[in-house]
Amino acid sequence: MNLIRFLLRYSPRTVILAIATGLVSGISSAGMIILINTSLASGADTKQVLVMSFVGLGLLVLLSGYASRALLIHLSQNAIFDLRSHLSRQILNAPLRFLEKYGAHRLLASLTDDVSVITGSLLGIPALCINFTTIIVCLVYLGWLSGTVMISVLIFMALGVVTYNALIKRAL
């Protein structure tokens, strides 16, 4: 959440737009799954409507996912430029004794490596929005089809998360 607050300082409109386009992409992805499932279940002979719906949803997934990524990449590049400029000004304004105490290796690491970690984190936000939305919409659709199956899936998901976290904690 600190990363999103960090981005919201630079351009709240761009962050909200990027998240919204990621949500549209996730909903469209789930819509494609629902479209395929209903067409298979119904066996209707409306191939032209089905093809046009599939193509439309596919384009919406592609364009909204691209827009979300492009917006966040643009925003992250501006934020990183500002962050590096701010760090550089702080380093230039710092007393020489402070700079010698921490050493050039730490200062260079904060300018290059730390900022790159932030960039990598920013690039994961669109995928997170898209995947989270797809999972939620698919779970709602699964609940609409069969509440028992949805509850079973949720139990197995919770079991998987608990098992994964326990194994990771043990490994660390």
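Start by selecting Ser 28: leaving out residues up to four places away in sequence, it touches Leu 57, Leu 60 and Val 61 (contact means heavy atoms within 4.5 Å). Ser 28 sits in helix 2 and counts as buried, at 3% relative accessibility. For burial, the cut-offs are under 20% relative accessible area for buried, over 50% for exposed, and partly exposed in between, using a 1.4 Å probe and protein chains only.

Before you go on, note that this is a predicted model, where local features need pLDDT of at least 70 and side-chain atom pairs count only at pLDDT 80 or more, while totals for chains, interfaces and linings use all residues. Residues are numbered from 1 along each chain as its sequence is written, and side-chain values use heavy atoms, with hydrogens and water left out.

Now zoom out and colour by secondary structure. You'll find 5 helices and 0 strands in the protein chain; helices (H or I, at least four residues) and strands (E, at least two) are DSSP runs, numbered from the N terminus. The radius of gyration is 23 Å, well over the 16 Å that the globule rule gives for 172 residues, so the chain is more spread out than a compact globule. That radius is taken over C-alpha atoms, and the rule is 2.2 Å times the number of residues to the power 0.38. Along the principal axes, the C-alpha atoms fill a box of roughly 75 × 40 × 20 Å. Of the 172 residues, 25% count as buried.

Next, select the largest nonpolar core: Phe 6, Leu 7, Val 15, Ala 18, Leu 72, Leu 75, Ala 79, Leu 83, Leu 122, Ile 125 and Cys 129, 11 residues in all. Such a core is a set of buried Ala, Val, Leu, Ile, Met, Phe, Trp, Tyr and Cys residues joined through side-chain atoms within 4.5 Å. Which elements give two or more residues to this core? They are helix 1 (2-10), helix 2 (12-42), helix 3 (47-93) and helix 4 (96-145). Helix 3 gives the most, with 4 residues.

Pick Ala 79 out of that set. Leaving aside neighbours within four places in sequence, Ala 79 is in contact with Phe 6, Leu 7 and Tyr 10.

For the last stop, select Gln 77, also a helix 3 residue. Is Gln 77 buried or partly exposed? Gln 77 is partly exposed, with a relative accessible area of 44%. Then draw a distance from the C-alpha atom of Gln 77 to that of Tyr 102: they are 25 residues apart along the chain and separated by 27 Å.
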